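Hi everyone, thanks for coming.

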Amino acid sequence: MDRFDVAVIGGGPAGLMAAKHAAICGATTILLEEHRAIGYPVQCAGLLGIRALEASEIRAEGFLLNPFRGAVFISPDGSRLSFRSPDIRAWAVDRRLFDRSMAVAAARHGVEITFGAHVKSLRRSGDLTVLEMGDKEIAARAVISAEGVRASIARRSGIPPPKRILSGAQVEVPFDVDEIESVEVHLGRDIAPGLFAWVIPISRSSARVGLCATESACFHLRRFLSSERIKDRIRGSPVSVVVGGLPLGPPDRTVADGMLVVGDAAAQVKPTSGGGVYPGLICGRIAGRVAAEHVLNGGQLERYEREWRSAIGREISLGMKVNDILRRMSDEDIDMMIRKIASRPEVVRAIESHGDIDRPSRVLLRILMMLAPDLSFIGTILRAMFDK
């Protein structure tokens, strides 16, 4: 039976980052990917903020498709809130190529990547964890679960599930793009109850159209694609389909006996946008370092819990509160909110200057402070906060 210092389950960005940093710290590291290739299947909208690209620690070569400087939020009644930054704030990316670039970086630092390695169970044996994969077993002194939303091994190890899991679906279609450097966000309970729908331009003639909802995303997406606001802009059949779950709300603990949990498996996802790559990269770096220090120097795995929550816990906590408020707002409340913000040029300028899809807390608090004197706006927010 092969033995390693650190074993990482799952070859997405969080797992690859964790494996790379464990190896950088001197730990012998193996990454176990259940599929036959890194980057498959794609379960992501493929929109990354500038911070996420920087946090990936790889050169931006080949996987960048289209830059974004702005966005337009569209309320249920068609009211629009548009803003545009002078700087590029995000990119549409090819996630398959992005993930593979991260895999190359991990391998260059000594990570052994094994494909078709479906971990079925694990057991503790002294200070080792034995991972069982059919007729093969490996042992590791520390395990990092980066399994994704299902996280069956993490759950069996006693890590609780996320607070909730949304349903997501997306298609890439030939599309009449209005503004190539702006993402569209469509709000409303009839459109995407629980979060929102989006249009992410890939080129002047194609876009990714998708949504996340409390349940039945495919049903809601079919209805959205046939709606008056979208259907006349679609110029052909879908060329790709992506479906998956979106975990929101990290469990109370992400450390078990000999194991750390990272990325979607730990619901380290931005509740405001559903983006998980940036927080997964931040937490993956911490997990890899803590796991290596544990096996090499006797460091405590519980440090991981404290460090990742210190790094991004506030953002996720605030995001969950914002998500809860939006989830409870009626379509009429959303219409009013969009119109109210759009009517305040100074608020729009604040969004353009300080908007950050990876760390939205500053701009959210700034907007709230600027609109605090508006009693109708605050009344809407308070009503949504306490509406059961």
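Let's start with α7 and α10: these two helices are oblique to each other, because their axes make an angle of about 45°. The words for angles work like this: under 35 degrees is roughly parallel, over 145 roughly antiparallel, 65 to 115 roughly perpendicular, and the rest oblique. Axes are lines fitted to C-alpha atoms, for helices over the stretch in contact, and angles run from 0 to 180 degrees between N-to-C directions. Helices (H or I, at least four residues) and strands (E, at least two) are DSSP runs, numbered from the N terminus.

Before going on, please remember that this is a predicted model, where local features need pLDDT of at least 70 and side-chain atom pairs count only at pLDDT 80 or more, while totals for chains, interfaces and linings use all residues. Residues are numbered from 1 along each chain as its sequence is written, and side-chain values use heavy atoms, with hydrogens and water left out.

Back to our pair. The axes of α7 and α10, residues 361-371, are 10 Å apart, and α7 passes α10 in a left-handed crossing. Left-handed means that the near helix is turned anticlockwise from the far one by less than a right angle; clockwise is right-handed. Which residues of α7 and α10 meet? From α7 come R314, E315, L318 and V322, and from α10 come S361, L364 and L365, where contact means heavy atoms within 4.5 Å. By class, that contact has 4 nonpolar, 1 polar and 2 charged residues. Here Ala, Val, Leu, Ile, Met, Phe, Trp, Tyr, Cys and Pro count as nonpolar, Asp, Glu, Lys and Arg as charged, and the others, Gly among them, as polar.

Now look at another partner of α10. Helix α9, residues 345-354, packs with α10 at about 165°, and the axes are 10 Å apart. That angle makes α9 roughly antiparallel to α10. This crossing is right-handed. On the α9 side you will find E346, V347, A350, I351 and H354, and they meet V363, R366, I367, M370 and L371 in α10. The contact divides into 7 nonpolar, 1 polar and 2 charged residues.

One more pair: α1, residues 13-24, and α6. Their axes come within 7 Å and cross at roughly 30°, so α1 and α6 are roughly parallel to each other. The crossing of α1 and α6 is right-handed too.

Now for the holes! Rolling a probe the size of a water molecule over the atoms shows where empty space is left. On a 1 Å grid over the protein atoms alone, a cavity is a set of points where a 1.4 Å probe fits but cannot get out, and a pocket is an open set with protein on both sides within 12 Å along at least five of seven lines; lining residues have an atom within 4 Å of a point. Grid points are joined across faces, edges and corners, and a volume is the space filled by probe spheres set on the points.

How many cavities of 30 Å³ or more does the structure hold? There is 1, and about 90 Å³ of space lies in the largest cavity. Its lining includes E315, I316 and Y278. α7 gives the most to that lining, with 4 residues.

Finally, the second largest pocket has a volume of about 330 Å³. Of its 19 lining residues, the closest to the centre are V42, R96, E172, R208 and S240.
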